[in-house]
Amino acid sequence: MDFQYQATPAQGLASLPADALLVVVSGKAVPAALEKPLASLLADAVAQGDFEFKANRVLYVHRPAGVKSARLAFVAAPDGSAKAFKSAVAAGLGALKALGVAYLAVARVGDEAVGDAHAEALVTAVSDAVYVYRHTKPSAPAAPRLAGVALIAGRKEGTAVMRGLKRGQALAAGVALARECANRPGNHATPSHLASEAKKLGKQFGFEVDVHDRKDIDKLGMGSFLAVAQGSDEPPRFIVMRYQGAAKTKAPVVLVGKGITFDSGGISLKPGAEMDEMKFDMGGAASVLGTMRAIGELKPKVNVIGLIAACENMPSGRAVKPGDVVKSLSGQTIEILNTDAEGRLILCDALTYAERFEPAAVVDIATLTGACVVALGHHHSGLFSADEKLATDLLAASRDALDPAWRMPLDEEYDEGLKSNFADMANIAGRAGGAITAAMFLKRFTAKFPWAHLDIAGTAWKSGAAKGATGRPVPLLTHFVLSRAG
Ligand code: BES
Ligand code: MN
Ligand code: ZN
């Protein structure tokens with residue numbers, strides 16, 4: 001897909017050569033800046049009751065009189081923000097996607113100011129709309145014909161728009177990679193597959209990738225990670241990616257992804273309903289891959305380490321059992337009271353591994369708890385951090401990226417429930433505040449660096465008819481990393 005900036009005044013829209021023209025209108029009336037043929041069309045539609053200035057209302061017109069483009073769509077945006085623009089574009093694409101549009105021009109009228117955030121929003125909205133999963137469904141409907149999109153803006157906005165288009169394209173490719181990895185079923189997206197995707201990225205963008213197998217994981221001393229992996233015949237992988245964009249001496253940002261390629265619950269077996277969705281339990285790992293891809297393309301001046309702990313969580317004669325005690329890489333022992341609380345067991349060893357990089361910050365990303373879905377639903381990811389600066393930076397990145405996150409508490413009181421008579425800690429506490437106690441468990445492994453945890457259990461994928469991975473929080477993470485490049 002080709003994205004371009006095109007300098008055209010609002011008065012030139014009617015004569016614009018494009019297969020389709022999408023005009024995002026903000027305000028409560030036909031904008032004064034809209035030239036005659038377009039303005040009269042819109043005014044007539046309003047008079048006929050066919051269009052209202054309400055968020056995401058769409059008016060489609062075929063072969064509009066006096067307009068060069070064969071297809072025209074108006075879509076209403078409640079304000080001039082990038083957020084409103086993005087959802088308006090998504091709604092407008094809904095009306096145009098199924099048509100034979102190859103070249104689309106998108107303009108804003110009513111609030112013409114276009115910034116880099118709008119350009120980025122356009123790219124991500126278009127890319128999200130044209131993604132089709134077909135790896136195991138070759139019969140899936142053909143992808144839309146759309147080959148090129150131009151964002152119409154004023155002359156002085158060109159630099160910002162082009163910067164936003166570039167960032168948006170890198171981000172969109174990262175999101176698409178994360179979606180594709182997470183959508184692939186557990187028998188395709190195995191730990192080895194994630195490792196080979198990481199290797200491919202390293203080759204393509206010139207960063208180092210090391211992959212550790214079961215023997216290495218054992219030798220490293222990751223007894224907790226290994227306990228989860230031991231129930232499956234599918235070989236586990238510990239993946240280390242190193243992107244170097246700044247001096248070697250500069251402390252890196254470390255991203256740690258939960259890569260459970262299928263979570264059956266293990267001996268603490270999950271109920272059958274919707275268990276298939278546990279193929280998405282590697283969404284954190286997928287977001288690390290996607291972010292590394294975006295970074296590889298944008299080449300910010302910052303050092304980033306991507307760590308992925310990947311394995312299956314399965315019941316078997318060799319599987320870890322409730323009551324078993326294991327020794328983590330940190331030396332702390334863990335009583336595994338519930339084998340379905342496995343994410344924290346693989347992440348704790350990856351977090352300890354991160355110490356060796358003397359990181360400036362460590363962010364782990366995990367589809368960690370059903371409790372987080374209960375708390376926040378499917379809109380906000382849960383953000384946990386005891387570090388004020390890191391939490392503030394991540395929330396700012398989340399806002400800039402239009403990838404919402406909500407800060408959750410981490411008071412010491414929540415740690416109480418993790419006490420065990422047989423080990424340094426148990427891997428579960430009571431049902432109440434389950435997302436927080438999971439975060440408190442992880443916190444015990446993060447004394448040596450500023451740390452944050454993103455629980456993406458509610459945001460990494462959608463259920464129901466639109467079942468599929470979202471690619472979140474690649475936008476948040478990429479913006480965060482870019483902000484660390486100064
Ligand atoms: N991968 C799940 C979390 C999950 C469940 C995400 C449902 C999205 C939807 C995780 O490994 C898990 O099973 N967590 C348990 C923890 C409990 C045993 C303390 C949960 O949330 O039920
Ligand atoms: Mn589980
Ligand atoms: Zn899980």
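Predicted model: local features only at pLDDT ≥ 70, side-chain atom pairs only at ≥ 80, totals over all residues.
## Reading the sheets, metal sites and cores

Visitor: How many bridges pair strand 2 with strand 4, and in which sense?

Guide: Strands of a sheet pair through backbone hydrogen bonds, either parallel or antiparallel. Two strands are taken to pair if DSSP finds at least two bridges between them. Strands (E, at least two residues) and helices (H or I, at least four residues) are DSSP runs, numbered from the N terminus. Here, strand 2 and strand 4 are parallel and share seven bridges. Strand 3 joins strand 4 through five bridges in the antiparallel sense, and Y60 is found opposite A73 of strand 4.

Visitor: In what order do the six strands of this open sheet lie?

Guide: Reading across, the order is 1-6-5-2-4-3, with mixed pairing. Strand 1 (2-7) and strand 3 (58-62) are the edges, each pairing on one side only. On average, neighbouring strands are turned by 20° against each other, direction ignored; for such angles, axes are lines fitted to C-alpha atoms (for helices over the stretch in contact), and the values run from 0 to 180 degrees between N-to-C directions. Helix 1 (residues 36-47) packs on this sheet, touching strand 2 (20-26), strand 3 and strand 4 (71-77), and its direction makes about 65° with that of strand 4. Elsewhere in the sheet, strand 5 (residues 103-109) and strand 6 (residues 148-153) run parallel, joined by four bridges; A105 pairs there with A150 of strand 6.

Visitor: Which residues of strand 4 point one way, and which the other?

Guide: R71, A73, V75 and A77 point one way, while L72, F74 and A76 point the other way, and all are buried. Buried means under 20% relative accessible area, exposed over 50%, and partly exposed in between (1.4 Å probe, protein chains only).

Visitor: Now the metals. Which residues coordinate the zinc ion (ligand 3)?

Guide: Donors are N, O and S atoms within 2.8 Å of the metal (3.2 Å for Na, K and Ca); water is not among the atoms, so sites may look incomplete. For the zinc ion (ligand 3), the coordinating residues are K258 (NZ), D263 (OD), D281 (OD) and E342 (OE), at 2.0 to 2.4 Å. Their spacing in sequence is K-x4-D-x17-D-x60-E. K258 is buried, at 1% relative accessible area, and D263 is buried too, at 3%.

Visitor: What protein donors does the manganese ion (ligand 2) have?

Guide: They are D263 (OD), D340 (O), D340 (OD) and E342 (OE), at 2.0 to 2.2 Å. The six donor atoms of the manganese ion (ligand 2) give angles of 71 to 168°, and the site is irregular. D263 bridges the manganese ion (ligand 2) and the zinc ion (ligand 3), with 3.2 Å between the two ions. D263 sits in strand 9 (residues 253-263), whereas D340 is in the loop between strand 12 (333-335) and helix 9 (343-354), 77 residues apart. D340 is partly exposed, with a relative accessible area of 22%.

Visitor: Last stop: which residues have the most contacts inside the largest nonpolar core?

Guide: In soluble globular proteins, nonpolar side chains tend to be buried together. A nonpolar core is a set of buried Ala, Val, Leu, Ile, Met, Phe, Trp, Tyr and Cys residues joined through side-chain atoms within 4.5 Å. The largest one here has 54 residues, and M241, L289 and V363 have the most contacts inside it. Beyond its neighbours within four places in sequence, V363 is in contact (heavy atoms within 4.5 Å) with residues including V254, L394 and F480. A second, separate core has 50 residues, among them L226, L307, V326 and C372.

How values were computed. Residues numbered from 1 in each chain as written. Chains lettered and ligands numbered in written order. Heavy atoms only, no water. Tetrahedral: all angles 85-135°; square planar, octahedral: opposite > 155°, others 65-115°.
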